[in-house]
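Please keep the sequence and the model in view while reading.

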Amino acid sequence: MLANLNDVLYPAKKGKYAVGLFNAVTLELARGIIAAAEETGSPVIMGTAEVLLPYGPMEELSYFLIPMAKKAKVPVVIHFDHGLTKDACLKALDLGFSSIMYDCSTDSYDENVEKVREMADIAHSYGATIEGELGHVGDNEGSHEGSSHMEDPSKFYTDPAQAKDFVDKTGVDALAIAVGTAHGAYKLPPKLDFERIKTIANTIDVPLVLHGGSGLKDEDFKKAINCGISKVNIFTDINIAAVEAEFRAFEYMEKGIIDLVPAAVQAVKMEVRKKMELFGSVGQVYSNKADIHALIEQVVKEVMAQYKK
Ligand SMILES: [Zn+2]
């Protein structure tokens with residue numbers, strides 16, 4: 001079923017687990033992500049980001065992502081990550097994305113507040129949720145998310161008191177914070193500021209988001225979630241897993257591209273499952289009565305449809 005961030009992140013915050021966001025810029029990625037979520041009974045967030053649009057146009061993606069979410073047996077949020085322009089955010093909302101992120105983190109604080117506040121009102125009028133970013137999550141070299149490589153990222157870490165002011169003024173539903181991660185593949189293991197996560201989590205009520213999750217150690221994820229992270233963004237790990245599987249399948253290729261498709265879907269599914277287990281989201285859809293009801297209804301419908309054939 002199609003869900004928004006509030007549907008999946010408030011239970012996660014309460015239950016001290018995190019829901020993964022995985023970008024799905026191809027059908028193989030989307031199929032692998034949904035399969036992992038359904039098999040493990042995990043809520044999930046998938047979508048694309050503004051910098052990824054050259055690899056999959058937003059409108060075409062919406063044609064399969066949104067129906068796939070609606071058809072899924074688990075809550076699926078279709079999220080437009082790192083919206084950098086107002087136009088792209090509005091387009092996502094018009095196409096039916098249930099959630100957006102408006103990233104004005106490189107603007108001045110006042111501009112960030114003003115732009116995100118305006119967009120939050122619009123998103124909410126669509127029944128969609130919105131994520132903002134305060135402080136700035138940088139990028140590792142060669143990252144798909146951008147090229148704001150920073151010599152001293154700690155200068156851009158999120159300030160807890162400012163975070164409270166930001167959430168109060170903008171009305172965002174989730175907040176991405178800068179605490180030591182970066183987008184893309186790490187050359188050296190990142191050092192996270194866990195105390196800062198804890199302080200921010202104790203200062204504001206909305207769920208916190210960790211960007212740049214690929215490449216973090218398992219213990220780091222667990223600790224970050226324990227300190228108050230409710231959403232973790234992953235792309236690099238599934239992006240690489242898919243292509244490694246395709247590369248291996250290529251050696252045995254008999255029919256062509258259709259040999260690579262199932263390899264990629266399977267690899268993405270396995271990688272996403274691993275992350276879901278690590279984040280603690282496995283089986284969480286069953287703790288919510290409304291979800292169980294919807295799940296049973298869906299299964300009954302499917303069984304009836306088969307019976308009719
Ligand atoms: Zn990000």
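A residue is called buried when its relative accessible area is under 20%, exposed when that area is over 50%, and partly exposed in between, with a 1.4 Å probe and the protein chains only. By this rule phenylalanine 235 is buried, because its relative accessibility is 5%. The model is a predicted one, in which local features need pLDDT of at least 70, side-chain atom pairs count only at pLDDT 80 or more, and totals for chains, interfaces and linings use all residues. Residues are numbered from 1 along each chain as its sequence is written, and side-chain values use heavy atoms, with hydrogens and water left out.

Start with the metal. Which protein atoms are donors of the zinc ion? They are NE2 of His82, NE2 of His183 and ND1 of His211, at 1.9 to 2.1 Å from the ion. A donor here is an N, O or S atom within 2.8 Å of the metal (3.2 Å for Na, K and Ca); water is not among the atoms, so sites may look incomplete. Along the chain, the zinc donors follow the spacing H-x100-H-x27-H. Histidine 183, in strand E9 (residues 182-183), and histidine 211, in the loop between strand E10 (208-210) and helix H8 (218-227), are 28 residues apart and link distant parts of the chain. Helices (H or I, at least four residues) and strands (E, at least two) are DSSP runs, numbered from the N terminus.

Most residues other than glycine have a negative phi. Histidine 82 has a positive phi, near 45 degrees. Another positive value, near 55 degrees, belongs to lysine 16, which is found in the loop between helix H1 (5-15) and strand E2 (19-23).

Next come the records. The unreviewed UniProt entry annotates His82, His183 and His211 as "binding site". These residues are spread over 130 residues of sequence but cluster in space, with a largest C-alpha distance of 11.6 Å. UniProt positions are given in the numbering used here, feature names are shortened, and annotations may be inferred rather than shown by experiment. Under "binding site", the unreviewed entry also lists Gly184, Gly212, Gly213, Ser214, Asn233, Ile234, Phe235 and Thr236. They gather at one spot, because no two of their C-alpha atoms are more than 10.9 Å apart although they span 53 residues in sequence. One of them, Phe235, is included in the lining of the second largest pocket.

Phenylalanine 235 is found in the loop between strand E11 (229-234) and H9. Threonine 236 has its place in helix H9 and is buried, at 13% relative accessibility.

The pocket itself can now be described. On a 1 Å grid over the protein atoms alone, a pocket is an open set of points where a 1.4 Å probe fits, with protein on both sides within 12 Å along at least five of seven lines; lining residues have an atom within 4 Å of a point. The second largest pocket has a volume of about 270 Å³, where grid points are joined across faces, edges and corners and the volume is the space filled by probe spheres set on the points. Of its 16 lining residues, Thr26, Leu29, Asn239, Ala242 and Glu246 are the closest to the centre. Helix H2 (27-40), helix H9 (236-251) and helix H10 (257-279) are the elements that give two or more residues to this lining.

Two further side-chain contacts complete the tour. Threonine 40, found in helix H2, is buried at 6% relative accessibility, and its side chain makes a polar contact of 3.2 Å with the side chain of serine 42. Tyrosine 63 is found in helix H3 (residues 58-71), and its side chain makes a polar contact of 2.4 Å with that of glutamate 59.

Terms used: A polar contact is a pair of N or O atoms within 3.5 Å; within protein, one must be able to donate a hydrogen and the other to accept it, and residues adjacent in sequence count only if both atoms are side-chain atoms.
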